[in-house]
Amino acid sequence: MRLFEGKVGLVFGVANDRSIAWAMSQALRAEGAELAYTHLPGESSARRVRRLTEEHAPKLVLACDVQQDRDLDGVFRRVAETYGAIDFVIHSIAFAPPQELRKPYLETSREGWHLAMDISVYSLVAVARRAAAIMPQGGSIVTITYFGGEKVMPGYNVMGVCKAALEHSVRYLAWDLGRKAVRVNAISAGPMRTLSSAGVARFDEMREHAARKSCLGRNVEFRELGKAGLYLLGEMSDGVTGEVLHLDCGYSIVGL
Ligand code: NAD
């Protein structure tokens, strides 16, 4: 019996085969999960995500800009019509205007700050509220954060502030949804080469430094994200909520 046989999940954040959400989806599908996908509106992302996910034969691949309540309502309505209830959600979404990551945090514009917060943080609240409504037996929601939300990582700027807010949102959502048996957790992933990380200034430097300093002497691997997802989204973590799991080869515990 596979770990996720009979379980249904909704995935936000697959852009391509390097996406963290895709690493998690691959592991979940291999364990028997039925997955519904969302992608950014637009022809090219629809085509890319449909082509990538077709090996999982999803019933639903839906366009969704998390800044649009109408899109979110539409996605959750279709998911409820198709499956009735779901068991888990992957929230693997972030965005900051690239120019905000190329100048000091001190220079962040009001507009850039609000945009980054809306897409990278408020979206978790908006998704969790709608997800909990179709998790009558309880469920698990996982988001992805980074150590730049705990400590200053030069160049990570407004995204670091977003991750701090995201991690504390995880705790407040865990409290609000706990009595409904809906768990909310985050994975704090070490730096990985993806579409999003390409926009972070000094990213390669961060990766080299992380590999050198971490306990395991290397960076985290794609398939390890999948395994951590299986743990937090499934029954093995039934008693865990409001937690930030550091998946960083031990980087964050070293004081050097
Ligand atoms: P990615 O570019 O593959 O994923 C980011 C996703 O966000 C994309 O699918 C994109 O379509 C989606 N997105 C952006 N704006 C959106 C909007 N308005 N509506 C809906 N979706 C939107 O990159 P990734 O590295 O896999 O990022 C996933 C998550 O992991 C992000 O939260 C990121 O901050 C976090 N993270 C990444 C790293 C890393 O080093 N790559 C490390 C720690 C945490």
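This is a predicted model: local features need pLDDT of at least 70, side-chain atom pairs count only at pLDDT 80 or more; totals for chains, interfaces and linings use all residues.
Residues are numbered from 1 along each chain as its sequence is written, and side-chain values use heavy atoms, with hydrogens and water left out.

Let me begin with the ligand. It is surrounded by 27 residues, the closest being Ser19, Ile20, Met192, Thr194 and Ser196, where a residue is counted if one of its heavy atoms lies within 4 Å of the molecule. By class, this shell holds 17 nonpolar, 8 polar and 2 charged residues; here Ala, Val, Leu, Ile, Met, Phe, Trp, Tyr, Cys and Pro count as nonpolar, Asp, Glu, Lys and Arg as charged, and the others, Gly among them, as polar.

Which atoms lie by the oxygen atoms of the ligand? A polar side-chain atom of Thr194 is 2.5 Å from a ligand oxygen, an N or O atom in the side chain of Ser196 is 2.7 Å from a ligand oxygen, and a polar backbone atom of Gly13 is 3.0 Å from one. Taken alone, the ligand exposes 810 Å², of which the protein buries 92%, with areas computed by the Shrake-Rupley method and a 1.4 Å probe.

Now to helix 1, which spans residues 20–30 and, because 8 of its 11 residues are buried, is largely enclosed by the rest of the structure. Buried means under 20% relative accessible area, exposed means over 50%, and partly exposed is in between, with a 1.4 Å probe and protein chains only; helices (H or I, at least four residues) and strands (E, at least two) are DSSP runs, numbered from the N terminus. The buried residues of helix 1 include Ile20, Trp22, Met24 and Leu28, and the helix is followed by Gly32, which has a positive phi near 95 degrees.

Most residues other than glycine have a negative phi. Asn157, although not a glycine, has a positive phi of about 45 degrees; it belongs to helix 5 (residues 157–178) and is buried at 14% relative accessible area. Ala181, also not a glycine, has a positive phi of about 65 degrees, but Ala181 lies in the loop between helix 5 and strand 6 (182–189) and is partly exposed at 45%.

Finally, is Arg207 buried or exposed? Arg207, found in helix 6 (residues 203–213), is buried, with a relative accessible area of 17%.

Notes: A polar contact is a pair of N or O atoms within 3.5 Å; within protein, one must be able to donate a hydrogen and the other to accept it, and residues adjacent in sequence count only if both atoms are side-chain atoms.
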